[in-house]
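Student: I am new to this structure. Please take one part and walk me through it closely.

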Amino acid sequence: MRLLTRLLSVAAFGLLGLGARAASAPSYDIVIRHGQVIDGTGAPGYRADIAIRDGRIAAIGALGDVDAARVIDAHGMVVTPGFIDMLDQSGHALLKDGHAQSKIFQGVTTLITGEGESVAPLNDNVLGEEGSDTRPAWRTLDEYLRHLQGQGIAVNFGTYVGAATARAMVIGYGDRQPTAGELKQMQAIVADAMRDGAFGVSTALQYPPATYSTTPELIALAKTAASYGGIYATHMRSEGDGEMAALDETFEIARTAHIPVEIFHLKVAGHQNWGSMPKVIARIDAARAEGLDVGADTYAYTAWGNDLASFIPPWAHAGGNAKLLERLQDPQARARIEKDMRTPSDAWSNDWLEVPGPHAVEITSVKDPSLKPFEGKRLDDVAKAWNEAPIDALLDILVKDHAATDVAVFGMAQPDVTLALKQPWMAICDDASAQAPTGPLGQGHPHPRAYAAFARIITRYVREEHALTLVEAIHKMTALPARRMGLSQRGTLRKGMWADIDVFDPAQLRAPATFEHPKQLAQGMAYVLVNGVPVIAEGRMTPALPGKVLRGPGFAKRRR
């Protein structure tokens, strides 16, 4: 009996100890104190504390002396939602390094990727064209997303399913139209991807094989995506001489498929078209007034980034890269390619005639090691080194580099860029893969937008040029894209939302990356939280990988 009494006493003491420890546990994981909250909605900032518990915002206001495991003093700084990149290219990069340094140092916490082609789904047609020696651990989009989540990422990640991916999986890379049966197979691929969590279907219509797609084909795929609540996102068929026709096609798809539209990296390309942005804006505003749900995004540089192979007319790409390289080395085919590049035409988007000259083309990344000295050089530098005409240098680089060269093309006017940025329906993107100054993501000589697009919106367009207010800029990078993507639990600061949060002093933010020296991380983010966990703390990257794979609306239908 005395033994039982002692055991009961020990148990009671243990329970009291547990109760005491529970009572002393902090109420919150993190409290951010004394910051100027800019909540993303477009409303003016206000002074408040923010408490975080279990990855979400648990309270906002004057929180007094509540206890927390960690306190962040945001005095003199703004507290904003984490930024959302509306056109990212990191589907493969995150598998090499999930920390996404170039993104998080700018305050980017969510990536949306998949421009025309997507990292999944896959089949042998796609894998054969990619030519990789390694076989990926996935075939379906669901398998890819599970693989990525299992590896760990510092940012949230969502993707479209590429219309060109569906096309390539069914009919390959040839210049032909699908049969009725093949189109149904393409629609089934889109439907499967939507159920796996794609946010919609995307196109990049300046690039083969997407170039070969007709408007009815795109409408059919868009209708499938719309049936799952998805959107249609597009790099339009032309951003230069044929831009008005490209806008008409985009609006026709929106109207016929009853689907919201996001226009990727809206621009006016080509020196002969500079000054036309007011016409583009007027067309979009008219479509919106008609009732079409149309939005767009921009990286707000005067140079775009591209494959050098995009300078080649579409017919020469038919059959994939192997056929392209054959044609570039065949004298008759090469002569035809060069003639088409020099000849004005409405049939394709001719970058060669849109750029002011060869000096406007910068080599940013090559695959062949012998060409590495040309990274960061202009096309006219290459032509001079090889003692040949610039157009021949372009074609020869493609042959030597197996059509794997990337370039930055200075083909836009700053007034057009600024005017587009100021539109109320314009969100922000960087159209770039995650980078790092060193390591596996430190190769090449990237477009500086990879390191600076978001930070530069604040440093240049808010602080220096006053084209936007800080509140407007934050809205364009947070609530506006969250609403477009249906991310109802992200993009604004309010109770119950996931705690994707940036803490920084706008006056101290820096975007040092330049075209000459692009591998420079943005500076000035004091804290960046993803799902309530700091990935930047006191200005330094942490080892945390708290990012989540995000699934689109079709995934909920699949679960039901």
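Tutor: Start with a term. An axis here is a line fitted to C-alpha atoms, for a helix over the stretch in contact, and the angle between two axes runs from 0 to 180 degrees between N-to-C directions. Two packed helices are described by that angle and by the distance between the axes. Keep in mind that this is a predicted model.

Now the part itself: helix H6. H6 spans residues 163–171, and its packing partner, helix H7, spans residues 180–196. The two pack at an angle of about 130°, with their axes 9 Å apart. Angles over 145 degrees would count as roughly antiparallel, and 65 to 115 as roughly perpendicular. H6 is therefore oblique to H7. The crossing of H6 past H7 is right-handed.

Which residues make the contact of H6 with H7? From H6 come Ala-166, Arg-167, Met-169, Val-170 and Ile-171. H7 supplies Glu-182, Gln-185, Met-186, Ile-189 and Val-190. Sorted by class, this contact has seven nonpolar residues, one polar and two charged.

Next, is H6 covered or open? H6 is mostly covered, with nine of its nine residues buried. Among them are Ala-163, Ala-164, Thr-165 and Ala-168. Arg-167 and Met-169 are on the buried list, and both also take part in the contact with H7.

What do the buried residues of H6 pack against? H7 is one of the partners. The others are helix H4 (124–130), strand S9 (161–162), strand S10 (200–204) and helix H8 (215–226). Just past the end of H6 sits Gly-172, which takes a positive phi of about 80°.

For contrast, look at a sheet elsewhere in the chain. Strands of a sheet pair through backbone hydrogen bonds, either parallel or antiparallel. Here three strands form an open sheet in the order S14-S16-S15, with antiparallel pairing. Strand S14 (303–307) and strand S15 (361–365) are the edges, each pairing on one side only. On average, neighbouring strands of this sheet are turned by 30° against each other, direction ignored. S14 is joined to strand S16 (residues 406–410) by five bridges. Within that pair, Trp-304 stands opposite Val-409 of S16.

Gln-423 lies in the loop between helix H16 (414–421) and strand S17 (426–428). Its relative accessibility is 12%, so Gln-423 counts as buried. Beyond its neighbours within four places in sequence, Gln-423 is in contact with Ile-281 and Lys-476.

Conventions: Residues numbered from 1 in each chain as written. Predicted model: local features only at pLDDT ≥ 70, side-chain atom pairs only at ≥ 80, totals over all residues. Heavy atoms only, no water. Helix = DSSP H or I, 4+ residues; strand = E, 2+ residues; numbered from the N terminus. Parallel < 35°, antiparallel > 145°, perpendicular 65-115°, else oblique. Left-handed = near helix turned anticlockwise from the far one by under 90°. Contact = heavy atoms within 4.5 Å. Nonpolar A, V, L, I, M, F, W, Y, C, P; charged D, E, K, R; others polar. Pairing = 2+ DSSP bridges. Buried < 20%, exposed > 50% of the residue type's maximum accessible area, 1.4 Å probe, protein only.
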